[in-house]
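Open the model in your viewer and keep the selection tool at hand. The stops below say what to pick next and what is there.

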Amino acid sequence: MVAAGSAVIARQYLLSAVLAFTWLLTFSSAASAQITEEIREIESSIVKIYTTSAAPDYFTPWRLMTPGQSSGSGAVIDGNRILTNAHVVANASYVQVQKHNDPERYLARVGFVSHASDLALLEVEDEAFFNDTPALAIGDLPEPNTEVFVFGYPVGGRTLSVTKGILSRVEQQVYAHSGEYLLAGQIDAAINPGNSGGPVIVDGKIAGVVMQSAAGGRTESLGYFVPPDILRHMLTDASDGSYDGFPDLGFRTQDLESPAAKAAYGLREDQSGVLVIKVFSNSPADGVLQENDVVLSIDGVAIAGDSTISLSRTLQTNYKHAIDLKQIGDEVELTLSRHGKERTVTLTARRRQENYSLVRGEEFDAIPEYYIYGGILFVPLNMNLIKRWGSDWTRSAPVNLLHARSQWSSPERREMVVALQVLAADVNSGYHDVRNWIVDSVNGEPIQDFYDFVQQLRGNESEFVVLRSDSGFQLVIDHLEAIASEDDILQRYRIPASYSDGLFEDVQLMAQ
């Protein structure tokens, strides 16, 4: 009887297991079918972007480098616009777009670009392009461990690729294109060249835009995307057609985790914040904040000693993100401690100054500035020039140029001027080997920036021009001979002009 009862129980258990497995298969098939249907609905909104670009050659700034072709991905959003990465169309001279399963390519143009956030909006003149291409909505940042789908055209393929991954974390990252330190999402979906600009999809909405894979070869199948907060900031910025970018309040801080340092700057044990180490002239913080102030909170949100704030239950990130979300003209409330006494101040977000260090940030879609005097090519020092030394520029670029990146600018000196190379001629005899030399003064007058330098040379009335570096090395040019030899040098080296287009219009504006 016991054996018979056990057999009945076993058959019932087996039947239950079969029914459960059958239900699981049915549910899995239904879920899979639902996901497949959602993917098919989104596919028609994904486009491939073909770009022909020619970047300026900052070693010979009157020339363009050899044009190249590249491809990326994008998604149709409201307003008959295509959302993609800025680096997909940077320095573009010709752009085409192609819909999924459509052999025709359509001419496109860049309607708005934010290189800082690595985002761009494309427009297509032929309205027929947008037939049967529904606009995708911008969604919210998903919770960690959420499953996401990445759409795009990796490694130049003609067929749309869809990969699946998990959102693993959200934190500040250095954007490879612009060097900006902004919020980014990390996913484990495969990301390859050509995926750039493609959407990250959650629940049928755009939860981000793919921008880069993890660098250095130390990780596998990790990539980063621009999150919705940054997308919406760009779209708001683009609403008036004028680029403003991210604001800056004009101060810099360091972490304040040391108990001794906290006590030294007057903080109680229950307080935390960050130490102000630099306040820039003519910035919103100028005259309001002081060095050695401790910023305790931003817009009422406490700042931890490691410079982080809690924006939500799951998001802990650098307090800079709270400033990044502001538009130009918005107010930012800071609570600070000065000599142990708390006070609250309000700063108005303004456009960033051109550069806070003596080295300008990398620029795109811009004409390089240069000036040739006495056969010597002078240029402003910027990251475009430094990166011209190649992908390993941190090692291969001249040390003196790299060192300048760590120096703050000031009203007295806003940027550095480099004697990049000497075009050998009689007027510069004795200096033909000069390369990558930073000029500190002209006839004893310090140089504020490139425009000031050009004005000093053009307005010179002395017989000789003496250029000097901060180490004391001098380079002397006969002024009249420099002027007389200009045409011959330009012709000999096949250079179209002795200065960059629009340089002296800019100099006149700066003088006013």
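Which residues line the largest cavity? Select Y58, P61, P368, E369, V379, P380, N382 and L385. A cavity here is a set of points on a 1 Å grid over the protein atoms alone where a 1.4 Å probe fits but cannot get out, and lining residues have an atom within 4 Å of a point.

Before moving on, note the ground rules. This is a predicted model, with residues numbered from 1 along each chain as its sequence is written. Local features need pLDDT of at least 70 and side-chain atom pairs count only at pLDDT 80 or more, while totals for chains, interfaces and linings use all residues; side-chain values use heavy atoms, with hydrogens and water left out.

**Cavities**

The largest cavity holds about 40 Å³. A volume is the space filled by probe spheres set on the grid points, which are joined across faces, edges and corners. Colour the lining by class: six residues are nonpolar, one is polar and one is charged. Ala, Val, Leu, Ile, Met, Phe, Trp, Tyr, Cys and Pro count as nonpolar, Asp, Glu, Lys and Arg as charged, and the others, Gly among them, as polar.

Next, select Y58, R360, E363, I367, P368, E369, P380 and N382, which line the second largest cavity. Its volume is also about 40 Å³. This lining has four nonpolar, one polar and three charged residues. In total, three cavities reach 30 Å³ or more.

**The second largest pocket**

A pocket is an open set of points with protein on both sides within 12 Å along at least five of seven lines. Then show β1 (46-53), α2 (86-89), β11 (205-213) and α6 (383-387), the elements that give two or more residues to the lining. Helices (H or I, at least four residues) and strands (E, at least two) are DSSP runs, numbered from the N terminus. β11 gives the most, with three residues. The lining divides into 12 nonpolar, 12 polar and six charged residues.

**S45**

Go to the loop between α1 (2-43) and β1, and pick S45. Is S45 buried or exposed? S45 is buried, at 0% relative accessible area; buried means under 20%, with a 1.4 Å probe and protein chains only. A polar atom of its side chain lies 2.5 Å from the backbone oxygen of P134. Beyond neighbours within four places in sequence, S45 is in contact (heavy atoms within 4.5 Å) with G74, A75, V76, T133, P134 and L136.

**Helix α3**

Select residues 228-238. Eight of the 11 residues of α3 are buried, so the helix is largely enclosed by the rest of the structure. Among them are P228, L231, M234 and A238.

**Two positive phi angles**

D118 is not a glycine, yet has a positive phi of about 55°. Find D118 in the loop between β5 (105-114) and β6 (119-124). D118 is buried, at 1% relative accessibility. N436, also not a glycine, has a positive phi of about 50°. N436 sits in the loop between β25 (417-422) and β26 (437-439), and is buried at 18%.

**A four-stranded sheet**

Finish with the open antiparallel sheet, in the order β28-β27-β29-β30. Strands pair if DSSP finds at least two bridges between them. β28 (445-446) and β30 (474-478) are the edge strands. Five bridges join β29 (464-468) to β30; pick V465 and its bridge partner, I477.

Note on methods. Buried means under 20% relative accessible area, exposed over 50%, partly exposed in between (1.4 Å probe, protein chains only). A polar contact is a pair of N or O atoms within 3.5 Å; within protein, one must be able to donate a hydrogen and the other to accept it, and residues adjacent in sequence count only if both atoms are side-chain atoms.
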